[in-house]
Amino acid sequence: MMLRSTLFAAVVAVGSLLLGGCTEVKGDPVSVTEAPVPSTADDTGGIPVSAAGVGTVGDGDVVVDVYFDVICPFCGLLDQINGPDLAELIAGGGVTVVYHPVAILDSYSEGTAYSTRAANALAVVADKDPEHFPAFASALLSEGIQPEEGTPGLSDQQIAEVAQGVGVKKAVTDQFTGRIRLDRKVQRTFEPWVRQATGMVPSRDGRVGTPTVVINGERFTESFLDAGVLRNAVEAAKG
């Protein structure tokens, strides 16, 4: 399957709120680079999931953007508390959730670049086996699987085992460590895309944070730690 390529702008002009305690100083914007992109990705560095399938934004849908880093504990809580609600809203129609796997916390995994490695694996699944992308993302964020900050994170083999546990075939997980040569560097297939997507996380006061949640371009200001609050906000946006 031939990978499509696109040009990414480094900054998204959209209102947002940084929710949670996982933050990093935002440096210079990532330069625009042509790089392999998951076939289901949009031009904001996200993977849309709607009743029409992965990679499709439903016509007239409320769009919920969720920016997350797999080692961020608040991202885990966001998904554990609100993931089932978001899945039901997607299945019911009228809501598209755009998941943005980013890597702002590589420095929190003892030099293993866990955030980038896991985000790349998510991108491979989004490209090669999109049906299993939502379950794989939730599994990486689930209690008992999500590693703590300040640890090496999961090994490549463990990431593959998590993916296979939700139905991803070994032929796909074998590609998690695949390499490309781009800009005179050898890197994982979707590592440039992850880097570009990370550069597109909405910032505030020079900092980016995860999780960040945006509903129809408006920042979500309530607590995602209280069950039902995010769901209510999305349903209110539906009118």
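Colleague: Over which residues does pLDDT stay under 50?

Modeller: pLDDT is the predictor's confidence in each residue, on a scale from 0 to 100. Here it stays under 50 over residues 1–19, for which the model has 77 contacts (heavy atoms within 4.5 Å) beyond four places in sequence. Residues 27–32 also stay under 50, with ten such contacts. The protein chain averages 88, and 86% of the residues score at least 70. As this is a predicted model, local features need pLDDT of at least 70 and side-chain atom pairs count only at 80 or more, whereas totals for chains, interfaces and linings use all residues. Residues are numbered from 1 along each chain as its sequence is written, and side-chain values use heavy atoms, leaving out hydrogens and water.

Colleague: How many aromatic pairs does the structure hold?

Modeller: Rings of Phe, Tyr and Trp (its six-membered ring) pair if their centres lie within 6.5 Å; planes under 30 degrees apart count as stacked, over 60 as edge-to-face and the rest as tilted. The structure holds three such pairs. Y99 and F133 form an edge-to-face pair, 6.3 Å centre to centre with 65° between the planes. Y99 lies in strand β7 (residues 95–101) and F133 in helix α3 (residues 133–140), so this pair ties together parts 34 residues apart in sequence. Helices (H or I, at least four residues) and strands (E, at least two) are DSSP runs, numbered from the N terminus. F136 and F176 form a stacked pair, at 5.9 Å centre to centre and 10° between the planes. Because F136 lies in helix α3 and F176 in the loop between α5 (170–173) and β8 (179–182), the pair ties together parts 40 residues apart in sequence. Ring pairs also link F68, Y99 and F133 into a cluster.

Colleague: Are Y99 and F133 buried or exposed?

Modeller: Buried means under 20% relative accessible area, exposed over 50%, and partly exposed in between (1.4 Å probe, protein chains only). Both Y99 and F133 are buried, and so are F136 and F176.

Colleague: Which residues have the most contacts inside the largest nonpolar core?

Modeller: A nonpolar core is a set of buried Ala, Val, Leu, Ile, Met, Phe, Trp, Tyr and Cys residues joined through side-chain atoms within 4.5 Å. The largest has 62 residues, and those with the most contacts inside it are V64, Y99, F136, L140, F176 and I215. Helix α2 (residues 114–128) supplies the largest share of this core, nine residues.

Colleague: Why is helix α6 described as largely enclosed?

Modeller: Six of the eight residues of α6 (residues 191–198) are buried, so the rest of the structure largely encloses this helix. Among the buried residues are P192, W193 and V194.
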